[in-house]
Amino acid sequence: TVTPTTAGNVTVDVDAGKAEDALFNSNLASNSYVIEYDPDGPSVQITTAPAEDSTIGEDYADFYFTYGPDTVLAEIDCSVDGNSEEKPCTSPFTATNLSDGPHTFRVTVEDSLGNETYAEREFNVDLEGPSVTLSSSAGPATNVDPIPVSVDFSEDVADFTESDITVTGGSVAGGSFASANAQEYSFTVTPSAEGEVLVQIFAGV
């Protein structure tokens, strides 16, 4: 056996005069036996796809990829979330029916010698809008004026403002609207008269 020292051509030959027959005749030089040693997998790169660890709002995603131009490939497989049945694929590959949550796309390329290489992209899918809960430390009945109100979203939101709040039987006290972070907001409500005060945040504001 021959142990290659590096990738590339490995040449094996026997020089003249290295062996003798029964009559002490020396051998002639052998032919050169050349074999290419290639232990490296083919290169593969995801070129266009959802950004690493990004969040998309659709249940599908397109993945474009390239591989080494000089590589003779035996197989190209794509998988999503490590599914057991990888699909032979070409670029672009479209992942469909994606559910809410994290996902991993992988493209695996195999050359004619059986060497494999893969590239991965992790991303998230968010198909549902955030839920929102209104609460108050004043309780269901109070003599407090103005009434403190807290707003808690289930995830980070943007562009939520005082104008997104609807109050019946009162109004948002001027200058009271504040945010602790992208999920938690607070304000106070000044009742217009004795009786029920209704505070609402409608869907899609």
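**View 1. Surroundings of Phe105 in the predicted model.** Apart from its neighbours within four places in sequence, Phe105 is in contact (heavy atoms within 4.5 Å) with Ile46, Phe63, Cys78, Ser79, Val80, Phe93, Ala119, Glu120, Arg121 and Phe123. The model is a predicted one, in which local features need pLDDT of at least 70 and side-chain atom pairs count only at pLDDT 80 or more, whereas totals for chains, interfaces and linings use all residues. Residues are numbered from 1 along each chain as its sequence is written, and side-chain values use heavy atoms, with hydrogens and water left out.

**View 2. The nonpolar cores.** A nonpolar core is a set of buried Ala, Val, Leu, Ile, Met, Phe, Trp, Tyr and Cys residues joined through side-chain atoms within 4.5 Å, where buried means under 20% relative accessible area, exposed over 50% and partly exposed in between (1.4 Å probe, protein chains only). The largest core has 19 residues, and those with the most contacts inside it are Phe93, Phe105, Val107 and Phe123. At least two residues of this core come from each of the strands S3 (44-48), S5 (61-67), S6, S8, S9 (101-111) and S10 (116-125); strands (E, at least two residues) are DSSP runs, numbered from the N terminus. A second, separate core of 13 residues includes Phe153, Ile165, Val172 and Phe187.

**View 3. The disulfide of Cys78 and Cys89.** The structure holds one disulfide, a term for a pair of cysteine sulfur atoms within 2.5 Å; here the sulfur atoms of Cys78 and Cys89 are 1.9 Å apart. The pair links distant parts of the chain, 11 residues apart, with Cys78 in strand S6 (residues 73-80) and Cys89 in the loop between strand S7 (87-88) and strand S8 (93-95). The link is right-handed, with 65° about the S-S bond. Cys78 is buried at a relative accessible area of 1%, and Cys89 is buried as well, at 10%.

**View 4. Two cis peptide bonds.** The bond from Ser91 to Pro92 is cis, with omega near 0°, and Pro92 is placed in the loop between S7 and S8. The bond from Asp145 to Pro146 is also cis, with omega near 5°, Pro146 lying in the loop between strand S11 (132-135) and strand S12 (147-153).

View 5. Phe24, in the loop between S1 and strand S2 (33-37), has a phi near 65°, a positive value in a residue other than glycine, and counts as exposed at 63% relative accessibility. Asp81, in the loop between S6 and S7, has a positive phi of about 60° although it is not a glycine, and counts as partly exposed at 42% relative accessibility.

Methods
Helix = DSSP H or I, 4+ residues; strand = E, 2+ residues; numbered from the N terminus.
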